[in-house]
Amino acid sequence: MNKIFFHQNPKVKKGLKSGKREPTGELVLNKQIYIERGGKCEITGEAIEFHPECFMHVLNKNRWKHLRLERINIFMVIFDIHNLYDNGSKEFLLSKYPKAIKIYERKELLKMEHDKPKETI
């Protein structure tokens, strides 16, 4: 006969958050960008519905925290482009969407500007 054991004090799974998260400011910025950029993918020109997934950070918003709310670091794109940029190869993304080269050009520009050492007085 198999015995089943129960923990008296079960642990809460890590990663589960209770309560509300603090606003980051992204939603307000994304709404402004959506209106400014006409609700269209900046690579394909396709009309897209407003959704957080259509806003792609060129430089990772966790590593480059100071660029999280900078318009220059955000492209409004269809989900496929966002997904390929985050999870695929540059070559595959560009083979499918050649105009996505704009993203990589912006990435290089941002890295050059923000990898510079801070000047001290």
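User: Why is His82 called buried?

Analyst: This is a predicted model. His82 has a relative accessibility of 9%. Buried means under 20%. His82 is under that cut-off, so it counts as buried.

User: Where does His82 lie, and what is it in contact with?

Analyst: His82 lies in helix 2, residues 79-87. Leaving aside neighbours within four places in sequence, its contacts are Glu53, Phe55, Met56 and Val77. Each of these has heavy atoms within 4.5 Å of His82, because that is what contact means here.

User: Which residues of helix 2 are buried, and what covers them?

Analyst: Ile81, His82, Leu84 and Tyr85 are buried in helix 2. Their cover includes strand 1, helix 3 (90-96) and helix 4 (101-114).

User: What is the secondary structure of the chain as a whole?

Analyst: Four helices and two strands. Along the sequence the pattern reads α-β-β-α-α-α. The chain has 121 residues, and 27% of them count as buried. Of the contacts with a separation of 6 or more, 58% join residues 24 or more positions apart.

User: What makes Tyr34 and Phe50 an aromatic pair, and why is it called edge-to-face?

Analyst: The structure holds three aromatic pairs. In the pair of Tyr34 and Phe50, the ring centres are 5.5 Å apart and the planes stand at 90°. Rings pair if their centres lie within 6.5 Å, and planes over 60 degrees apart count as edge-to-face. Both conditions hold, so the label is edge-to-face.

User: Which parts of the chain does that pair tie together?

Analyst: Tyr34 lies in helix 1 (residues 26-36). Phe50 lies in the loop between helix 1 and strand 1 (55-57). The pair therefore ties together parts that are 16 residues apart in sequence. Ring pairs also link Tyr34, Phe50 and Phe55 into a cluster.

User: Why are Tyr34 and Phe50 called partly exposed?

Analyst: Tyr34 has 22% relative accessibility. Phe50 has 32%. Buried needs under 20% and exposed needs over 50%. Both values fall in between, so both residues count as partly exposed.

User: How do you know that the charged end of Lys90 sits over the ring of Tyr104?

Analyst: The charged end of Lys90 is 4.9 Å from the centre of the Tyr104 ring. The distance limit is 6 Å, and the charge must also be within 35 degrees of the ring normal.

User: Why is Ile43 called buried, although its place is in a loop?

Analyst: Ile43 is in the loop between helix 1 and strand 1. Its relative accessible area is 6%. That is under 20%, so Ile43 is buried. Not counting residues up to four places away in sequence, Ile43 touches Phe75, Val77, Ile81, Tyr97, Lys99, Ala100, Lys102 and Ile103.

User: What makes Gly39 buried?

Analyst: Gly39 has a relative accessible area of 6%. The cut-off is under 20%, so Gly39 is buried. Gly39 lies in the loop between helix 1 and strand 1. Beyond residues up to four places away in sequence, it touches Tyr34, Glu46, Ala47, Ile48 and Met76. Gly39 and Glu49 are 10 residues apart in sequence and 7.0 Å apart in space, C-alpha to C-alpha.

User: What lines the largest pocket?

Analyst: The lining has 23 residues. Glu26, Asn30, His57, Lys61 and Arg68 lie nearest the centre. The pocket volume is about 550 Å³. By class, the lining has nine nonpolar, seven polar and seven charged residues. Helix 1, strand 1 and helix 2 each supply at least two lining residues. The largest share, four residues, comes from helix 1.

User: Is Glu26 buried or exposed, and how do you know?

Analyst: Glu26 has a relative accessible area of 12%. This is under 20%, so Glu26 is buried. Glu26 is found in helix 1. Leaving aside neighbours within four places in sequence, Glu26 is in contact with His57, Lys61, Arg68 and Leu69.

Terms used: Residues numbered from 1 in each chain as written. Predicted model: local features only at pLDDT ≥ 70, side-chain atom pairs only at ≥ 80, totals over all residues. Heavy atoms only, no water. Buried < 20%, exposed > 50% of the residue type's maximum accessible area, 1.4 Å probe, protein only. Phe/Tyr/Trp six-rings, centres within 6.5 Å; stacked < 30°, edge-to-face > 60°. 1 Å grid on protein atoms, 1.4 Å probe; cavity = no way out; pocket = protein on both sides within 12 Å on 5 of 7 lines; lining within 4 Å. Points joined across faces, edges and corners; volume = space filled by probe spheres on them. Nonpolar A, V, L, I, M, F, W, Y, C, P; charged D, E, K, R; others polar.
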